[in-house]
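Here is a short report on one model, written for a reader who works with coordinates.

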Amino acid sequence: MQLKNRREAVTATVLVAVSVLATLARTDGALCDKSDKAALLAVKSALGNPLALSGWNSTVACCSWEGISCNATTGRVTDLTVFALNISAPVPAAIANLTALQSVNLAYNQLYGSIPAFLGPRALPDLTFLRLDGNRLSGAIPPTATVFNLLLVGNRLTGPIPAAFAGAAFGDVELSDNQLTGDASALFGAEKPLNALSLSRNRFRFDLGRVELPEAMDILEIDHNMVYGSIPAAAAERKWLAFDVSYNQLCGPIPQGRYTHRFGAKHFAGNKCLCGRPLPPCAY
Ligand SMILES: *[C@@H]1O[C@H](CO)[C@@H](O)[C@H](O)[C@H]1NC(C)=O
Ligand SMILES: *[C@@H]1O[C@H](CO)[C@@H](O)[C@H](O)[C@H]1NC(C)=O
Ligand SMILES: *[C@@H]1O[C@H](CO)[C@@H](O)[C@H](O)[C@H]1NC(C)=O
Ligand SMILES: *[C@@H]1O[C@H](CO)[C@@H](O)[C@H](O)[C@H]1NC(C)=O
C-alpha cells in the first residue's frame with residue numbers, strides 16, 4: 001500500500017489496530033473463537049466432564065486443547081477429536097454450534113442414542129470427515145449424513161441406506177458391523193468419486209450384477225450380507241487394495257484380472273455358485 005502522507009499512515013495504523021482489537025474481542029487468548037469455546041465447554045459437560053478432558057479449561061486457549069484444532073486466521077474450531085476415552089453419553093447437541101467443523105472423530109467410546117441430524121453438511125457446511133465407529137449408536141442413519149468420509153463401523157445401526165445418499169458425493173463409506181438392511185446399490189455409479197466401500201456383516205440385499213463400479217473404487221468389502229447376482233466384469237480391471245464378497249448369494253464366473261487374483265478363495269467363499277479362479281473352475 002502506497003501512503004501519500006502522514007495523515008493516511010496514521011489512519012491506516014488506527015484501522016489495523018481497530019481490526020486487531022475486534023478480532024481479539026471475538027477470540028480467547030491465542031485466537032480461539034469465544035462462542036466455539038463456550039460450545040466446547042457445553043460438549044465437555046454433556047460428556048459428563050470426564051477426567052480425560054480436564055485439560056479443556058480456561059488456563060489454556062481452546063485451540064490448544066487436546067483433540068481441538070482451529071483455523072489460525074479465524075480462531076474457529078475445525079477439528080474435534082474425542083477418541084477412545086470410553087465415554088458413555090449421547091452425541092452432544094452442542095456440537096451443532098461448532099459451525100466451522102471440518103472433521104469430527106468420536107470413535108471408540110460408548111456413545112449411545114441415534115446419530116443426530118446436524119452431523120452433515122446442511123448444518124455443518126465444511127464437514128467432510130465423520131468417524132463414529134466403535135460406539136453403541138442405534139437407529140437409522142439420518143439422510144443428512146452425506147459426509148464425504150463417513151465411518152460408522154461397529155455400531156447398532158438399523159434400517160436402510162437413506163435415499164438421499166444416491167445423489168451425494170462420497171469418497172469413503174464404511175458401515176460394516178451394523179444391522180443395516182435393504183439396497184445399497186445407490187452408492188455405486190460410474191461417475192461417483194467413491195473409492196472405498198465397506199458394508200461387511202450387515203443384512204444388505206441387492207443385485208451386484210447391475211451396479212457400475214465407480215472409476216476410483218479400489219476397496220470393496222461386502223462380505224456377510226445377502227447380495228445376489230454376479231460380480232461385475234469391470235472388477236477385473238481394478239487395482240484392488242481390498243476385495244471381499246464372501247458369504248453372500250452371488251453366482252457366475254469370477255472376473256479374471258491381475259488384482260482379483262491377489263485375493264484367496266476365502267474372499268469369494270460361501271456364495272451360491274461363484275466359480276473360476278481362485279475357486280474351482282466353472283462347469284461349462
Ligand atoms: C487445566 O489444563 C491444564 C493444562 O492442560 C492442566 O495442567 C490443569 O491441571 C487444568 N486445570 C484444572 C483445574 O483442571
Ligand atoms: C481459514 O479461514 C479463512 C476465512 O474463512 C479461509 O479463507 C482460509 O482458507 C482458512 N484456512 C484454512 C487453512 O482452512
Ligand atoms: C468403560 O466404562 C465402563 C462404564 O461406563 C466401565 O465399566 C469400564 O470398566 C470402562 N472400561 C475401561 C477400559 O475403562
Ligand atoms: C448454541 O449456542 C446458542 C447461543 O450461544 C445457545 O443458546 C444454544 O443453547 C447452543 N446450543 C446448544 C445445543 O448448546
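Ala, Val, Leu, Ile, Met, Phe, Trp, Tyr, Cys and Pro count as nonpolar, Asp, Glu, Lys and Arg as charged, and the others, Gly among them, as polar. By these classes, the shell around ligand 4 has four nonpolar, two polar and no charged residues. Its members are Ser35, Ala42, Ala93, Ala94, Ala96 and Asn97. A residue is near a molecule or strand if its C-beta atom, placed from the backbone, lies within 6 Å of it.

The model is predicted: local features need pLDDT of at least 70, side-chain atom pairs count only at pLDDT 80 or more, and totals for chains, interfaces and linings use all residues. Residues are numbered from 1 along each chain as its sequence is written, while chains are lettered from A and ligands numbered from 1 in the order in which they are written.

**Ligand 1.** Which residues are around ligand 1? They are Ser54, Gly55, Asn57, Thr59 and Val60. This shell divides into one nonpolar, four polar and no charged.

**Helix H2 and the annotated span.** Helices (H or I, at least four residues) and strands (E, at least two) are DSSP runs, numbered from the N terminus. Helix H2 covers residues 34-46. Its 13 residues should span 18 Å at 1.5 Å a residue, and the end C-alpha atoms are 18 Å apart, which agrees. The expected span is 1.5 Å times one less than the number of residues. Asp36, Lys37, Ala39, Leu40 and Val43 of H2 are buried. Seen down the axis of H2, the buried residues fall within an arc of 160°, so they line one face of the helix. The arc is that of the directions from the helix axis to the C-beta atoms. A residue is buried if 20 or more other C-beta atoms lie within 10 Å of its own, exposed if 12 or fewer, and partly exposed in between.

An unreviewed UniProt entry lists residues 34-71 as "domain: Leucine-rich repeat-containing N-terminal plant-type". Such annotations may be inferred rather than shown by experiment. The span is 34% helix and 8% strand, and its end C-alpha atoms lie 14 Å apart.

**Strand pairings.** Two strands pair if DSSP finds at least two bridges between them. The table gives several pairs.

| Strands | Sense | Bridges |
|---|---|---|
| E1 (residues 68-70) and E2 (residues 77-81) | antiparallel | three |
| E2 and E3 (residues 103-105) | parallel | three |
| E4 (residues 112-113) and E6 (residues 136-139) | parallel | two |
| E6 and E8 (residues 156-159) | parallel | two |
| E16 (residues 249-253) and E17 | parallel | three |

E1 and E2 form a hairpin with six residues between them. Gly75 in the turn has a positive phi of about 75°. Cys70 stands opposite Val77 in E2. Leu80 has Val104 in E3 as its bridge partner. Further along, Tyr112 stands opposite Arg136 in E6, and Ser138 stands opposite Arg156 in E8.

Three strands form an open sheet in the order E14-E16-E17, with parallel pairing. The edge strands are E14 (228-229) and E17 (273-275), and each pairs on one side only. Pro253 has Cys275 in E17 as its bridge partner.

**A buried proline.** Is Pro214 buried or exposed? Pro214 is buried, with 23 other C-beta atoms within 10 Å. Its place is in the loop between strand E12 (203-204) and strand E13 (219-221). Pro214 and Glu191 are 23 residues apart in sequence and 6.1 Å apart in space, C-alpha to C-alpha.
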